[in-house]
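Biologist: I would like to go through the charged pairs in this structure with you. Could we begin once it is on the screen?

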Amino acid sequence: MAGLELLSDQGYRVDGRRAGELRKIQARMGVFAQADGSAYIEQGNTKALAVVYGPHEIRGSRARALPDRALVNCQYSSATFSTGERKRRPHGDRKSCEMGLQLRQTFEAAILTQLHPRSQIDIYVQVLQADGGTYAACVNAATLAVLDAGVPMRDFVCACSAGFVDSTALADLSHVEEAAGGPQLALALLPASGQIALLEMDARLHEDHLESVLEAAARAARDVHTLLDRVVRQHVREASVLLGD
Amino acid sequence: MKETPLSNCERRFLLRAIEEKKRLDGRQTYDYRNIKISFGTDYGCCIVELGKTRVLGQVSCELVSPKLNRATEGILFFNLELSQMAAPAFEPGRQSDLLVKLNRLLERCLRNSKCIDTESLCVVAGEKVWQIRVDLHLLNHDGNIIDAASIAAIVALCHFRRPDVSVQGDEVTLYTPEERDPVPLSIHHMPICVSFAFFQQGTYLLVDPNEREERVMDGLLVIAMNKHREICTIQSSGGIMLLKDQVLRCSKIAGVKVLEITELIQKALENDRKVRKEGGKYGFAESIASQRITAFKMEKAPIDTSDVEEKAEEIIAEAEPPLEVVSNPVLWTPGTAQIGEGVENSWGDLEDSEKEEEDEDGTDEAIILDSIKMDT
């Protein structure tokens, strides 16, 4: 759409947000009874579901077992109805494989795998509606699911996407902003130490602006952390009320 | 074949060396290996050698109908293959993780950064567009596949010429290279990947890791930039945790490296263009250095040659006279001489005792040949 302003003169984006504002995040833990851990998150219109099984014995070839650590196995699938045009392959194509690898990399860094040698932790993420920031939503959902499963982690893993338009860094991009073709950055952060678990960027961004975009993404990830922390505490409170403590 | 595991000694040695800021091949922390670019006879074919890592890139094009949601843009397709000759560990079924990672990184680096003007690849909107296919084959794996592959891809794209097309109303005419000179692709900028390997939880970093260093590294950060200092792609992989200022420092280093590499590429393209224009020889065969021993030195050993004449006379005096005295050979034509009158053919009569005599004759002939050489 020619003439679509991603950032108006007054500083409002297409959906009325300010440059550094996140979309509304709603999350629930313990969505499925069958799985060890599960979580559902909605970031604006992006909806993702994450399920964790484990730690359990290695399925398939025993040869893959690591003697000192647990194996983290991540699979990403996006539903055929998740995008505007119907997707033909929900999983198994290159992009899904790449997402799975990236999720695995993120969580291998965050989960304390040394505590469960020779076992396997499965993380399955399903995207129900993709409206931008799918990687971030997947990571946030998976963090909640891993916490729900009781698998020990170093810290929350909070992720957010960021972009750059008209010399301003935007946080939490929606699909319209991503499709416009500007630079997009996806950042997964451990908020307490500020360490970056995964950093991924596409499209051209001048080196001088890299710092401001990184800073915007880090700030947004910390905001996500506050929200997720609240969700976890609420869930624990509810669970303890049910237990009668 | 399973990869040979790295022994603990070697791993410890490499890590200790890196802690002391030493690399096994003598490079500095931010040094690249030697980059050599050679072109084939066809347009769009090149081999890039980064140290010993070798990647072959080939670009081809085809007229196809465009994608439905992008009717006026051409199609770019990238494919990197890890050939089985590159490393024993690369088997047809086994490579998927690494392959997916490399392919996606290349796609993002080259396609999402819009280095090629896809609108210029449109011939008839909605019906016919050019599909440009870049095939990269890894021929030898000595570390840092992604850098070599990105250089090969962009060099092949810059070198490629597509056939000229003209559209008159509804008619589309495709000219062969003989009718009209092929046209180069319109390339906006050249993104080049620079890899940083991190060791000891991010304390030490190296640019352009070779295969051994890749085995012991904790994680890898790939930054793709062009010479205008625009970052095209950043990808962190492996289990390392980075800090923001590490990323910023790496981007500055990458900027410097990319400038150097871009200059090298321009020079190589310019050389090739000159050679083709002047009608000189080009192609892979020309760029491979012919086998020659460039240096074989021996120390000059001092030998006392003052009494050589006396010694020679002694030897000649004590030596036995030659067994047979032969007349001078008769020269029929250049290269053909006759010695003596010819011996009767005794093939088929050979027995052990006669065989010994044959051998003796053989040595005599050797002496005779030597004497002929001295005469002529």
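Biologist: Which side chain of chain B does Asp202(A) meet in a salt bridge?
Modeller: Please note that this is a predicted model. In it, Asp202(A) meets the side chain of Arg108(B), with an N to O distance of 2.6 Å.

Biologist: Where do Asp202(A) and Arg108(B) lie?
Modeller: Asp202(A) belongs to strand E9 of chain A, residues 195-202, while Arg108(B) belongs to helix H2 of chain B, residues 96-112, so this pair joins two chains.

Biologist: And are they buried or exposed?
Modeller: Both Asp202(A) and Arg108(B) are buried.

Biologist: What does Glu215(A) pair with?
Modeller: Glu215(A) forms a salt bridge with Lys244(B), and their closest N and O atoms are 2.5 Å apart. Glu215(A) sits in helix H4 of chain A (residues 210-243) and Lys244(B) in helix H5 of chain B (residues 244-277), so this pair also joins two chains. Glu215(A) is partly exposed at 29% relative accessible area, and Lys244(B) is partly exposed at 24%.

Biologist: Which residues do salt bridges with shared partners join into one network?
Modeller: From chain A, Arg94(A), Glu98(A), Glu200(A) and Asp202(A) take part; from chain B, Arg104(B), Glu107(B), Arg108(B) and Arg111(B) do.

Biologist: Turning to chain A, what is the partner of Arg62(A)?
Modeller: Arg62(A) pairs with Glu57(A), the closest N and O atoms being 3.4 Å apart. Arg62(A) counts as exposed because its relative accessibility of 56% is over 50%. Glu57(A) is exposed as well, at 51%.

Biologist: How many salt bridges are there over all chains?
Modeller: The search of the whole structure finds 33.

Conventions. Residues are numbered from 1 along each chain as its sequence is written. Chains are lettered from A and ligands numbered from 1 in the order in which they are written. This is a predicted model: local features need pLDDT of at least 70, side-chain atom pairs count only at pLDDT 80 or more; totals for chains, interfaces and linings use all residues. Side-chain values use heavy atoms; hydrogens and water are left out. A salt bridge is a side-chain nitrogen of Lys or Arg within 4 Å of a carboxyl oxygen of Asp or Glu. Buried means under 20% relative accessible area, exposed over 50%, partly exposed in between (1.4 Å probe, protein chains only). Helices (H or I, at least four residues) and strands (E, at least two) are DSSP runs, numbered from the N terminus.
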